[in-house]
Amino acid sequence: MATWRNASLAVTAAAVLALTATACGQDKGSASPKGQPVGNAAPAAGSGTGYGYGDGGYGSASGSTSQTAAKSAGQLAVWDSKELGKVVTDSAGFTLYRFDKDTASPPKSNCDGDCAKLWPAVPAGSAVAAPGTDASLIGEVTRTDGSKQLTIAGWPMYRYTKDAKPGDATGQGVGGTWHASAPDGKKAAPAAGGAEAGADSPSLPGLSVREDPKLGKVIVDARGMTVYRFKKDSAWPMKSACTGDCLKKWPVVAPVEKKNTEGIIQKGFVTFNRPDGVKQQSINCWPVYTYSGDSKPGDTNGQGVGGTWYAVSPEGKLIATAK
């Protein structure tokens with residue numbers, strides 16, 4: 001009986017592996033000399049988890065607070081809110097907050113005990129600055145319990161347990177002392193002129209397609225910045241060869257919800273859990289990045305760098321240098 005059971009499990013595992021391999025493909029692909037996208041296809045997306053704790057009052061939040069408190073922020077991102085302006089989020093899209101009773105110079109957290117149950121400190125861990133923001137503002141402070149907390153421009157960062165899903169900012173203004181954080185560590189605030197100031201230039205989806213005069217259709221992020229792939233990466237098994245200092249030059253694209261995309265392939269649209277704890281978006285099972293050398297939307301300065309970095313087509317394939 002044991003032999004039969006073991007054989008059955010082995011067959012099942014092999015079948016699952018085969019299906020995944022077939023969906024992701026194993027051809028790493030390369031850039032075509034005539035600008036034709038090349039590469040492979042891949043399977044379906046995963047799902048995220050929230051930090052919500054129901055209706056628990058101050059210090060009475062239900063659920064695994066310790067697990068929430070220990071959750072690394074990973075790849076930070078910037079959410080452009082009509083009401084709040086630019087807001088920093090963690091890799092899962094949850095809003096990060098600052099506390100008026102803290103200090104930034106020197107950095108110090110004054111939220112402990114019951115306060116920390118409702119407002120879990122964000123661990124310094126493997127947090128990575130949001131693409132296009134000043135990485136030198138990312139730091140850490142030692143809390144009274146000895147743990148390291150993420151800081152931005154010296155301000156300790158927190159999550160709010162009543163934010164149930166990505167994009168929530170229910171902690172904004174609580175007690176007149178809690179505020180969503182801007183990328184520079186200041187309190188998030190709409191641009192001069194209010195929410196209507198940007199009415200003529202609506203924000204882009206998390207990932208969409210732009211027509212480039214030289215490269216054709218390329219994928220861009222919510223800021224309009226070109227998205228790239230690295231030829232040294234692999235899609236099956238999914239693996240990134242860009243680590244350490246490489247990530248300072250090529251920041252990962254933070255996870256994006258499928259419904260927040262437009263015009264791009266949906267297969268293989270999964271979150272890649274990097275060994276360093278950072279969560280990275282993949283397209284067609286390939287990890288994707290932006291380039292620190294691109295200073296404004298429409299730039300493609302990363303195209304062809306080192307013969308290994310290329311813009312990405314709507315199908316998730318590499319694009320060569322010219323049409």
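Predicted model: local features only at pLDDT ≥ 70, side-chain atom pairs only at ≥ 80, totals over all residues.
Local features need pLDDT of at least 70 and side-chain atom pairs count only at pLDDT 80 or more, while totals for chains, interfaces and linings use all residues. Residues are numbered from 1 along each chain as its sequence is written, and side-chain values use heavy atoms, without hydrogens and water.

Strands β1 (residues 77-81) and β2 (residues 85-89) run antiparallel and are joined by five bridges; strands pair if DSSP finds at least two bridges between them. Strands (E, at least two residues) and helices (H or I, at least four) are DSSP runs, numbered from the N terminus. Three residues lie between β1 and β2 in this hairpin, and Ser81 stands opposite Gly85 of β2.

A nonpolar core is a set of buried Ala, Val, Leu, Ile, Met, Phe, Trp, Tyr and Cys residues joined through side-chain atoms within 4.5 Å, where buried means under 20% relative accessible area (1.4 Å probe, protein chains only). The largest core has 13 residues, of which Tyr97, Cys111, Trp119, Tyr158, Trp178 and Ala180 touch the most other members. Two or more residues each come from β3 (97-99), α3 (114-118) and β9 (178-180). Beyond its neighbours within four places in sequence, Trp119 is in contact (heavy atoms within 4.5 Å) with residues including Tyr97, Arg159 and Trp178. A second, separate core of twelve residues includes Leu76 and Val122.

Leu76 also lines the largest cavity, as do Val78, Val88 and Asp134, among others. The lining comprises nine nonpolar residues, one polar and one charged.

Note on methods
Buried < 20%, exposed > 50% of the residue type's maximum accessible area, 1.4 Å probe, protein only. 1 Å grid on protein atoms, 1.4 Å probe; cavity = no way out; pocket = protein on both sides within 12 Å on 5 of 7 lines; lining within 4 Å. Nonpolar A, V, L, I, M, F, W, Y, C, P; charged D, E, K, R; others polar.
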